[in-house]
Amino acid sequence: MSTTALSDNRYTRGIARFVSGLRYEAIPREVLARIKLLMLDSLGCAIYGADLEWCRILQKTLTGLDTTQGCAIWGTRHKLSAPHAALVNGTQVQGFELDDVHRQGVLHVGAVVLPALVSIAETRGGMSGRDFLTAAVAGYEIGPRVGICMGPEHIAQGWHSGATLGVFSAAAGAARGLGLDVDRTVHALGIAGTQSAGLMAAQYGAMVKRMHAGRASQSGLYGALFAEQGFTGIINVLESEYGGFCSTFSRSQDRFQLDALTSDLGQAWQTMGVALKFYSCVGSNHSTLDAIRAMQADRPFGAEEVDRILVHGSQVTMDHVGWKYEPQGLTSAQLNLPYCVATWLLDGDCFVDQFTEDKVADPDRMRIAEKVHVAHDPDITAKGSKFRHMVRVEVTLRDGTHMERTVEAGRGNEKNFASESDIVEKFEKLATHVLPRDHVEEIRDCVLGLDTLQDSAALPRLLAARG
(Lines give C-alpha, C1' and ligand atoms only; values in the text may rest on other atoms or scores of the structure.)
Protein backbone atom coordinates (compact mmCIF):
# COMPACT_ATOMS: atom_id res chain seq x y z
CA MET A 1 0.00 0.00 0.00
CA SER A 2 1.44 3.37 -0.99
CA THR A 3 2.01 6.18 1.47
CA THR A 4 -0.50 8.23 -0.56
CA ALA A 5 -3.23 5.88 0.61
CA LEU A 6 -2.36 6.76 4.17
CA SER A 7 -1.51 10.43 4.13
CA ASP A 8 -2.72 12.49 1.15
CA ASN A 9 -5.92 14.31 2.07
CA ARG A 10 -5.49 17.56 0.17
CA TYR A 11 -9.04 17.42 -1.20
CA THR A 12 -10.85 16.35 1.96
CA ARG A 13 -8.89 18.97 3.88
CA GLY A 14 -9.55 21.58 1.20
CA ILE A 15 -13.27 20.98 1.57
CA ALA A 16 -12.98 21.16 5.36
CA ARG A 17 -11.04 24.41 5.15
CA PHE A 18 -13.76 25.95 2.97
CA VAL A 19 -16.60 24.72 5.21
CA SER A 20 -14.98 25.81 8.46
CA GLY A 21 -13.91 29.18 7.12
CA LEU A 22 -17.03 30.15 5.22
CA ARG A 23 -18.49 33.48 6.32
CA TYR A 24 -21.84 35.04 5.53
CA GLU A 25 -20.17 38.15 4.12
CA ALA A 26 -18.22 36.06 1.57
CA ILE A 27 -21.32 34.52 0.04
CA PRO A 28 -22.58 36.40 -3.06
CA ARG A 29 -25.94 38.07 -2.69
CA GLU A 30 -27.51 35.99 -5.44
CA VAL A 31 -26.44 32.77 -3.67
CA LEU A 32 -28.04 33.93 -0.42
CA ALA A 33 -31.25 34.80 -2.25
CA ARG A 34 -31.25 31.42 -3.99
CA ILE A 35 -30.61 29.35 -0.86
CA LYS A 36 -33.69 30.77 0.84
CA LEU A 37 -35.90 29.81 -2.10
CA LEU A 38 -34.34 26.35 -2.26
CA MET A 39 -34.94 25.87 1.46
CA LEU A 40 -38.54 27.02 1.17
CA ASP A 41 -39.13 24.49 -1.59
CA SER A 42 -37.65 21.62 0.45
CA LEU A 43 -39.70 22.50 3.52
CA GLY A 44 -42.89 22.53 1.46
CA CYS A 45 -42.04 19.06 0.18
CA ALA A 46 -41.38 17.87 3.74
CA ILE A 47 -44.61 19.22 5.18
CA TYR A 48 -46.57 17.58 2.36
CA GLY A 49 -44.66 14.39 3.04
CA ALA A 50 -45.75 14.27 6.68
CA ASP A 51 -49.02 12.54 5.78
CA LEU A 52 -47.60 9.99 3.33
CA GLU A 53 -47.87 6.32 4.31
CA TRP A 54 -44.14 5.57 4.40
CA CYS A 55 -43.45 8.68 6.46
CA ARG A 56 -46.20 7.78 8.92
CA ILE A 57 -44.67 4.32 9.33
CA LEU A 58 -41.35 5.88 10.30
CA GLN A 59 -43.05 8.36 12.63
CA LYS A 60 -45.02 5.61 14.40
CA THR A 61 -42.10 3.20 14.64
CA LEU A 62 -39.57 5.71 15.92
CA THR A 63 -41.86 7.47 18.38
CA GLY A 64 -42.48 4.00 19.81
CA LEU A 65 -38.74 3.47 20.25
CA ASP A 66 -37.48 6.94 21.08
CA THR A 67 -39.08 8.98 23.85
CA THR A 68 -36.69 11.91 23.41
CA GLN A 69 -38.57 15.13 22.73
CA GLY A 70 -35.75 17.21 21.29
CA CYS A 71 -36.69 17.91 17.69
CA ALA A 72 -39.91 18.39 15.76
CA ILE A 73 -41.03 16.15 12.94
CA TRP A 74 -42.09 18.79 10.43
CA GLY A 75 -45.80 19.16 9.83
CA THR A 76 -46.67 16.96 12.83
CA ARG A 77 -46.88 17.12 16.63
CA HIS A 78 -44.29 14.37 17.00
CA LYS A 79 -40.85 14.97 18.50
CA LEU A 80 -37.78 12.75 18.43
CA SER A 81 -34.07 12.87 19.13
CA ALA A 82 -32.03 14.87 16.63
CA PRO A 83 -30.73 11.86 14.64
CA HIS A 84 -34.16 10.25 14.38
CA ALA A 85 -35.72 13.59 13.47
CA ALA A 86 -33.14 14.00 10.70
CA LEU A 87 -34.02 10.54 9.42
CA VAL A 88 -37.77 11.21 9.33
CA ASN A 89 -37.59 14.81 8.09
CA GLY A 90 -35.19 13.89 5.31
CA THR A 91 -37.52 11.10 4.28
CA GLN A 92 -40.40 13.57 4.19
CA VAL A 93 -38.49 16.01 1.97
CA GLN A 94 -37.78 13.19 -0.51
CA GLY A 95 -41.10 11.55 0.16
CA PHE A 96 -42.92 12.20 -3.12
CA GLU A 97 -40.34 13.05 -5.82
CA LEU A 98 -41.05 16.76 -5.45
CA ASP A 99 -37.76 18.08 -4.13
CA ASP A 100 -34.75 19.77 -5.71
CA VAL A 101 -31.99 18.14 -7.72
CA HIS A 102 -28.46 19.17 -8.66
CA ARG A 103 -28.48 17.66 -12.15
CA GLN A 104 -24.75 17.47 -12.74
CA GLY A 105 -23.99 16.28 -9.22
CA VAL A 106 -27.02 13.93 -9.21
CA LEU A 107 -28.10 14.89 -5.70
CA HIS A 108 -31.27 16.00 -3.92
CA VAL A 109 -29.52 18.56 -1.75
CA GLY A 110 -32.11 20.07 0.59
CA ALA A 111 -33.28 16.64 1.74
CA VAL A 112 -29.86 15.84 3.20
CA VAL A 113 -28.65 19.27 4.37
CA LEU A 114 -31.68 20.76 6.09
CA PRO A 115 -32.83 17.98 8.47
CA ALA A 116 -29.39 17.73 10.07
CA LEU A 117 -28.84 21.48 10.22
CA VAL A 118 -32.31 22.34 11.54
CA SER A 119 -31.87 19.81 14.35
CA ILE A 120 -28.68 21.59 15.43
CA ALA A 121 -30.40 24.97 15.41
CA GLU A 122 -33.25 23.45 17.41
CA THR A 123 -31.19 21.68 20.08
CA ARG A 124 -28.34 24.15 20.55
CA GLY A 125 -30.07 27.51 20.16
CA GLY A 126 -28.34 30.79 19.56
CA MET A 127 -27.49 30.18 15.89
CA SER A 128 -28.35 33.40 14.09
CA GLY A 129 -30.25 33.34 10.84
CA ARG A 130 -27.13 34.47 9.01
CA ASP A 131 -25.10 31.63 10.51
CA PHE A 132 -27.84 29.20 9.57
CA LEU A 133 -27.78 30.39 5.96
CA THR A 134 -23.99 30.15 5.91
CA ALA A 135 -24.08 26.57 7.16
CA ALA A 136 -26.78 25.68 4.63
CA VAL A 137 -24.67 27.06 1.78
CA ALA A 138 -21.68 25.04 3.04
CA GLY A 139 -23.78 21.89 2.80
CA TYR A 140 -25.28 22.73 -0.58
CA GLU A 141 -21.80 23.34 -2.00
CA ILE A 142 -20.10 20.07 -1.04
CA GLY A 143 -22.29 17.09 -1.94
CA PRO A 144 -22.77 18.19 -5.57
CA ARG A 145 -19.00 18.50 -5.95
CA VAL A 146 -18.54 14.92 -4.82
CA GLY A 147 -21.17 13.96 -7.40
CA ILE A 148 -19.38 15.87 -10.16
CA CYS A 149 -16.15 14.16 -9.12
CA MET A 150 -17.77 10.73 -9.46
CA GLY A 151 -19.68 11.47 -12.67
CA PRO A 152 -22.94 9.90 -13.92
CA GLU A 153 -21.31 6.46 -13.93
CA HIS A 154 -21.83 6.43 -10.15
CA ILE A 155 -25.60 6.10 -10.44
CA ALA A 156 -25.29 3.97 -13.58
CA GLN A 157 -23.39 1.38 -11.52
CA GLY A 158 -26.40 1.08 -9.22
CA TRP A 159 -25.55 3.41 -6.34
CA HIS A 160 -28.34 5.74 -5.27
CA SER A 161 -26.38 8.97 -5.38
CA GLY A 162 -28.70 10.90 -3.07
CA ALA A 163 -27.86 8.42 -0.35
CA THR A 164 -24.15 7.99 -1.09
CA LEU A 165 -23.20 11.60 -1.86
CA GLY A 166 -25.68 13.08 0.57
CA VAL A 167 -23.64 12.23 3.65
CA PHE A 168 -21.00 14.78 2.63
CA SER A 169 -23.51 17.61 2.19
CA ALA A 170 -25.15 16.78 5.51
CA ALA A 171 -21.84 16.56 7.35
CA ALA A 172 -20.58 19.82 5.85
CA GLY A 173 -23.71 21.76 6.78
CA ALA A 174 -23.82 20.28 10.28
CA ALA A 175 -20.10 20.87 10.85
CA ARG A 176 -20.43 24.53 9.90
CA GLY A 177 -23.57 24.81 12.02
CA LEU A 178 -21.62 23.52 15.02
CA GLY A 179 -18.69 25.82 14.27
CA LEU A 180 -16.17 22.98 13.96
CA ASP A 181 -12.57 23.85 13.13
CA VAL A 182 -10.79 22.44 10.07
CA ASP A 183 -9.44 19.31 11.76
CA ARG A 184 -12.78 18.32 13.27
CA THR A 185 -14.54 19.04 9.98
CA VAL A 186 -12.13 16.63 8.28
CA HIS A 187 -13.16 13.99 10.81
CA ALA A 188 -16.86 14.81 10.36
CA LEU A 189 -16.50 14.14 6.63
CA GLY A 190 -14.56 10.96 7.32
CA ILE A 191 -17.14 9.64 9.77
CA ALA A 192 -19.99 10.47 7.41
CA GLY A 193 -18.28 9.01 4.35
CA THR A 194 -17.82 5.57 5.82
CA GLN A 195 -21.59 5.37 6.48
CA SER A 196 -22.40 6.07 2.82
CA ALA A 197 -24.83 3.57 1.26
CA GLY A 198 -27.86 3.29 -1.00
CA LEU A 199 -28.95 0.98 -3.83
CA MET A 200 -30.82 2.05 -6.95
CA ALA A 201 -32.84 -1.17 -7.02
CA ALA A 202 -35.02 0.59 -4.46
CA GLN A 203 -36.55 2.56 -7.33
CA TYR A 204 -38.63 -0.41 -8.49
CA GLY A 205 -41.29 -0.02 -5.84
CA ALA A 206 -39.67 -0.14 -2.40
CA MET A 207 -40.59 2.41 0.23
CA VAL A 208 -36.97 2.41 1.35
CA LYS A 209 -36.00 4.60 -1.61
CA ARG A 210 -37.79 7.45 0.17
CA MET A 211 -35.69 6.88 3.28
CA HIS A 212 -32.25 7.15 1.65
CA ALA A 213 -32.00 10.93 1.97
CA GLY A 214 -33.06 10.86 5.62
CA ARG A 215 -30.49 8.21 6.39
CA ALA A 216 -27.79 10.28 4.68
CA SER A 217 -28.79 13.34 6.67
CA GLN A 218 -28.67 11.32 9.87
CA SER A 219 -25.20 9.96 8.98
CA GLY A 220 -23.88 13.46 8.29
CA LEU A 221 -25.30 14.67 11.60
CA TYR A 222 -23.62 11.79 13.43
CA GLY A 223 -20.37 12.68 11.70
CA ALA A 224 -20.43 16.29 12.90
CA LEU A 225 -21.64 15.50 16.43
CA PHE A 226 -19.08 12.75 16.98
CA ALA A 227 -16.24 14.81 15.53
CA GLU A 228 -17.16 17.69 17.83
CA GLN A 229 -16.41 15.41 20.78
CA GLY A 230 -13.06 14.25 19.40
CA PHE A 231 -14.13 11.04 17.65
CA THR A 232 -11.97 10.47 14.57
CA GLY A 233 -12.89 9.50 11.03
CA ILE A 234 -11.05 8.62 7.83
CA ILE A 235 -8.95 11.73 7.24
CA ASN A 236 -8.52 11.01 3.51
CA VAL A 237 -11.98 9.57 3.00
CA LEU A 238 -12.18 10.88 -0.57
CA GLU A 239 -8.59 10.28 -1.70
CA SER A 240 -7.53 6.95 -0.22
CA GLU A 241 -6.39 4.54 -2.91
CA TYR A 242 -7.66 1.57 -0.91
CA GLY A 243 -11.08 1.84 0.66
CA GLY A 244 -11.57 5.53 -0.06
CA PHE A 245 -14.96 6.79 -1.19
CA CYS A 246 -13.93 7.56 -4.78
CA SER A 247 -11.84 4.45 -5.41
CA THR A 248 -14.35 2.10 -3.79
CA PHE A 249 -17.57 3.44 -5.31
CA SER A 250 -16.02 3.74 -8.78
CA ARG A 251 -14.17 0.40 -8.47
CA SER A 252 -11.16 2.13 -10.00
CA GLN A 253 -8.20 4.42 -9.50
CA ASP A 254 -9.09 6.73 -12.38
CA ARG A 255 -12.83 6.90 -13.11
CA PHE A 256 -13.29 10.02 -10.99
CA GLN A 257 -11.96 13.57 -10.94
CA LEU A 258 -10.56 14.61 -7.58
CA ASP A 259 -9.81 18.12 -8.87
CA ALA A 260 -13.57 18.73 -9.15
CA LEU A 261 -13.84 18.57 -5.36
CA THR A 262 -12.04 21.84 -4.74
CA SER A 263 -11.64 23.56 -8.12
CA ASP A 264 -12.99 27.13 -7.86
CA LEU A 265 -14.45 26.32 -4.44
CA GLY A 266 -15.88 29.57 -3.11
CA GLN A 267 -15.96 31.11 -6.59
CA ALA A 268 -18.13 28.78 -8.69
CA TRP A 269 -21.16 28.23 -6.44
CA GLN A 270 -22.87 24.85 -6.79
CA THR A 271 -25.89 26.19 -4.90
CA MET A 272 -26.76 28.00 -8.12
CA GLY A 273 -26.74 24.64 -9.91
CA VAL A 274 -29.67 23.23 -7.96
CA ALA A 275 -32.89 22.91 -9.97
CA LEU A 276 -36.48 22.65 -8.75
CA LYS A 277 -39.28 20.32 -9.80
CA PHE A 278 -42.74 21.18 -11.02
CA TYR A 279 -43.72 17.58 -11.70
CA SER A 280 -44.09 15.00 -8.94
CA CYS A 281 -41.66 12.53 -10.45
CA VAL A 282 -37.95 11.87 -10.74
CA GLY A 283 -35.93 14.67 -12.33
CA SER A 284 -34.80 12.51 -15.24
CA ASN A 285 -38.39 12.54 -16.57
CA HIS A 286 -38.94 16.28 -16.58
CA SER A 287 -37.23 17.21 -19.84
CA THR A 288 -39.34 14.66 -21.75
CA LEU A 289 -42.55 15.96 -20.18
CA ASP A 290 -41.56 19.51 -21.09
CA ALA A 291 -40.81 18.45 -24.67
CA ILE A 292 -44.27 16.91 -25.04
CA ARG A 293 -45.87 19.92 -23.35
CA ALA A 294 -44.14 22.23 -25.85
CA MET A 295 -45.22 20.12 -28.82
CA GLN A 296 -48.82 20.11 -27.58
CA ALA A 297 -48.68 23.91 -27.41
CA ASP A 298 -47.77 23.99 -31.10
CA ARG A 299 -50.18 21.26 -32.18
CA PRO A 300 -52.61 20.03 -29.49
CA PHE A 301 -52.98 16.26 -29.24
CA GLY A 302 -54.18 13.76 -26.65
CA ALA A 303 -53.24 10.27 -25.57
CA GLU A 304 -55.50 8.46 -28.06
CA GLU A 305 -54.02 10.35 -31.01
CA VAL A 306 -50.51 9.08 -30.27
CA ASP A 307 -49.15 6.17 -32.28
CA ARG A 308 -45.61 6.13 -30.85
CA ILE A 309 -43.25 8.24 -28.76
CA LEU A 310 -39.51 7.67 -28.94
CA VAL A 311 -37.28 9.33 -26.34
CA HIS A 312 -33.57 9.56 -27.15
CA GLY A 313 -31.54 10.17 -23.99
CA SER A 314 -28.30 9.55 -22.15
CA GLN A 315 -27.26 6.13 -20.90
CA VAL A 316 -28.18 7.25 -17.38
CA THR A 317 -31.67 8.31 -18.51
CA MET A 318 -32.25 5.00 -20.26
CA ASP A 319 -31.03 2.95 -17.28
CA HIS A 320 -32.63 5.13 -14.62
CA VAL A 321 -36.13 5.66 -16.01
CA GLY A 322 -36.45 3.94 -19.39
CA TRP A 323 -37.34 0.43 -18.26
CA LYS A 324 -40.60 -1.31 -19.17
CA TYR A 325 -43.28 -0.29 -16.70
CA GLU A 326 -44.80 -2.86 -14.37
CA PRO A 327 -47.11 -1.82 -11.50
CA GLN A 328 -45.03 -2.19 -8.34
CA GLY A 329 -46.16 0.79 -6.27
CA LEU A 330 -46.00 4.56 -6.32
CA THR A 331 -42.20 4.75 -6.19
CA SER A 332 -41.93 2.75 -9.39
CA ALA A 333 -44.64 4.83 -11.06
CA GLN A 334 -42.96 8.12 -10.21
CA LEU A 335 -39.60 6.94 -11.52
CA ASN A 336 -40.76 5.30 -14.74
CA LEU A 337 -40.68 7.54 -17.81
CA PRO A 338 -43.29 5.74 -19.95
CA TYR A 339 -45.77 5.80 -17.05
CA CYS A 340 -45.20 9.51 -16.41
CA VAL A 341 -45.62 10.33 -20.11
CA ALA A 342 -48.87 8.36 -20.15
CA THR A 343 -50.02 10.23 -17.05
CA TRP A 344 -49.31 13.59 -18.66
CA LEU A 345 -51.09 12.64 -21.86
CA LEU A 346 -54.17 11.43 -20.01
CA ASP A 347 -54.41 14.05 -17.25
CA GLY A 348 -52.56 17.09 -18.60
CA ASP A 349 -50.50 17.20 -15.41
CA CYS A 350 -48.04 15.11 -13.46
CA PHE A 351 -48.27 16.48 -9.92
CA VAL A 352 -49.34 15.04 -6.56
CA ASP A 353 -52.96 14.34 -7.44
CA GLN A 354 -51.89 12.17 -10.39
CA PHE A 355 -50.01 9.67 -8.21
CA THR A 356 -52.36 7.65 -6.05
CA GLU A 357 -52.40 3.93 -5.34
CA ASP A 358 -55.52 3.37 -7.42
CA LYS A 359 -53.71 4.67 -10.52
CA VAL A 360 -50.57 2.50 -10.27
CA ALA A 361 -52.16 -0.32 -12.30
CA ASP A 362 -54.63 1.84 -14.24
CA PRO A 363 -55.23 0.00 -17.55
CA ASP A 364 -55.33 3.22 -19.56
CA ARG A 365 -52.01 4.44 -18.18
CA MET A 366 -50.40 1.06 -18.82
CA ARG A 367 -51.79 0.93 -22.36
CA ILE A 368 -50.50 4.40 -23.24
CA ALA A 369 -47.16 3.68 -21.55
CA GLU A 370 -46.67 0.84 -24.05
CA LYS A 371 -46.45 3.48 -26.79
CA VAL A 372 -43.42 5.13 -25.16
CA HIS A 373 -39.95 3.82 -25.91
CA VAL A 374 -36.59 5.05 -24.56
CA ALA A 375 -33.38 4.67 -26.55
CA HIS A 376 -29.76 5.44 -25.77
CA ASP A 377 -28.27 8.32 -27.73
CA PRO A 378 -24.45 8.07 -27.57
CA ASP A 379 -24.11 11.70 -28.69
CA ILE A 380 -26.04 12.90 -25.63
CA THR A 381 -24.05 10.66 -23.29
CA ALA A 382 -20.83 12.01 -24.81
CA LYS A 383 -21.81 15.54 -23.79
CA GLY A 384 -21.14 14.60 -20.15
CA SER A 385 -22.89 14.93 -16.82
CA LYS A 386 -24.15 18.49 -17.39
CA PHE A 387 -26.41 17.12 -20.13
CA ARG A 388 -27.59 13.92 -18.48
CA HIS A 389 -31.26 15.04 -18.60
CA MET A 390 -31.11 16.14 -22.25
CA VAL A 391 -33.58 14.35 -24.52
CA ARG A 392 -34.67 14.38 -28.14
CA VAL A 393 -38.33 13.36 -28.25
CA GLU A 394 -40.07 12.14 -31.38
CA VAL A 395 -43.87 11.95 -31.40
CA THR A 396 -45.72 10.20 -34.21
CA LEU A 397 -49.49 10.61 -34.29
CA ARG A 398 -51.96 8.15 -35.77
CA ASP A 399 -52.71 10.55 -38.63
CA GLY A 400 -49.06 10.43 -39.70
CA THR A 401 -48.01 13.74 -38.12
CA HIS A 402 -44.41 13.61 -36.89
CA MET A 403 -43.00 16.09 -34.37
CA GLU A 404 -39.64 16.37 -32.70
CA ARG A 405 -38.32 18.49 -29.85
CA THR A 406 -35.00 18.61 -28.01
CA VAL A 407 -34.94 19.78 -24.38
CA GLU A 408 -31.75 20.10 -22.35
CA ALA A 409 -33.33 20.40 -18.90
CA GLY A 410 -36.75 20.69 -17.31
CA ARG A 411 -38.59 23.77 -16.06
CA GLY A 412 -37.04 25.34 -12.97
CA ASN A 413 -33.56 24.26 -14.03
CA GLU A 414 -30.49 26.17 -12.96
CA LYS A 415 -30.20 28.00 -16.30
CA ASN A 416 -33.82 29.10 -16.24
CA PHE A 417 -34.63 29.12 -12.54
CA ALA A 418 -38.20 29.51 -11.36
CA SER A 419 -39.51 32.84 -10.15
CA GLU A 420 -39.99 33.54 -6.46
CA SER A 421 -43.74 33.69 -6.99
CA ASP A 422 -43.79 30.24 -8.64
CA ILE A 423 -41.73 28.76 -5.81
CA VAL A 424 -43.90 30.34 -3.13
CA GLU A 425 -47.01 29.10 -4.93
CA LYS A 426 -45.63 25.53 -5.00
CA PHE A 427 -44.66 25.75 -1.31
CA GLU A 428 -48.09 26.97 -0.27
CA LYS A 429 -49.87 24.45 -2.50
CA LEU A 430 -48.00 21.59 -0.84
CA ALA A 431 -47.88 22.80 2.75
CA THR A 432 -51.58 23.68 2.95
CA HIS A 433 -52.37 19.98 2.40
CA VAL A 434 -51.20 19.54 6.01
CA LEU A 435 -51.14 22.88 7.88
CA PRO A 436 -53.56 25.83 8.04
CA ARG A 437 -52.85 28.63 5.56
CA ASP A 438 -51.96 31.22 8.21
CA HIS A 439 -49.41 28.82 9.69
CA VAL A 440 -47.97 28.15 6.21
CA GLU A 441 -47.63 31.88 5.62
CA GLU A 442 -45.70 32.27 8.88
CA ILE A 443 -43.22 29.60 7.77
CA ARG A 444 -42.88 31.27 4.37
CA ASP A 445 -42.10 34.64 5.92
CA CYS A 446 -39.64 33.14 8.39
CA VAL A 447 -37.64 31.38 5.67
CA LEU A 448 -37.56 34.35 3.33
CA GLY A 449 -36.50 36.59 6.23
CA LEU A 450 -33.99 34.21 7.83
CA ASP A 451 -31.11 36.65 7.56
CA THR A 452 -32.89 38.95 10.03
CA LEU A 453 -33.41 36.31 12.76
CA GLN A 454 -31.40 36.55 15.96
CA ASP A 455 -32.01 32.85 16.68
CA SER A 456 -32.82 30.42 13.88
CA ALA A 457 -34.48 28.08 16.41
CA ALA A 458 -37.62 30.05 15.53
CA LEU A 459 -37.79 28.08 12.27
CA PRO A 460 -38.08 24.54 13.70
CA ARG A 461 -40.64 25.80 16.20
CA LEU A 462 -42.77 26.96 13.27
CA LEU A 463 -42.29 23.69 11.38
CA ALA A 464 -44.12 21.73 14.09
CA ALA A 465 -47.89 21.33 13.90
CA ARG A 466 -49.74 23.20 16.61
CA GLY A 467 -51.70 21.40 19.29
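Two strands count as paired where DSSP finds at least two bridges between them. The legends below describe views of a predicted model.

**View 1. Strands β5 and β6 pair in parallel.** Strand β5 covers residues 306-313 and is joined to β6 by five bridges.

**View 2. Four strands form an open sheet.** The strand order is β6-β5-β7-β8, and the pairing is mixed. Strands β6 (372-376) and β8 are the edge strands, each pairing on one side only. On average, neighbouring strands of this sheet are turned by 15 degrees against each other, direction ignored. Strands of a sheet pair through backbone hydrogen bonds, in either the parallel or the antiparallel sense.

**View 3. Strands β7 and β8 form a hairpin.** Strand β7 spans residues 391-397 and strand β8 spans residues 402-407; they pair in the antiparallel sense over six bridges. T396 has H402 of β8 as its bridge partner. Four residues lie between the two strands, and G400 in the turn has a positive phi of about 95 degrees.

**View 4. The largest pocket is lined by 13 residues.** F278, R411, D422, E425 and K429 are the lining residues that lie nearest the pocket centre. The space in this pocket is about 290 Å³. By type, the lining of the largest pocket divides into five nonpolar, two polar and six charged residues.

**View 5. The second largest pocket also has 13 lining residues.** Nearest the centre of this pocket lie Q104, G273, K386, E414 and K415. About 240 Å³ of space lies in the second largest pocket. Its lining is made up of four nonpolar, four polar and five charged residues.

**View 6. Residues 15-252 carry a domain annotation from UniProt.** The unreviewed UniProt entry places the feature "domain: MmgE/PrpD N-terminal" over this stretch. Across residues 15-252 the chain is 63% helix and 3% strand. The end C-alpha atoms of the stretch are 22 Å apart.

Conventions. Residues numbered from 1 in each chain as written. Predicted model: local features only at pLDDT ≥ 70, side-chain atom pairs only at ≥ 80, totals over all residues. Heavy atoms only, no water. 1 Å grid on protein atoms, 1.4 Å probe; cavity = no way out; pocket = protein on both sides within 12 Å on 5 of 7 lines; lining within 4 Å. Points joined across faces, edges and corners; volume = space filled by probe spheres on them. Nonpolar A, V, L, I, M, F, W, Y, C, P; charged D, E, K, R; others polar. UniProt positions renumbered as here; feature names shortened; annotations may be inferred. Axes fitted to C-alpha atoms, helices over the stretch in contact; angles between N-to-C directions.
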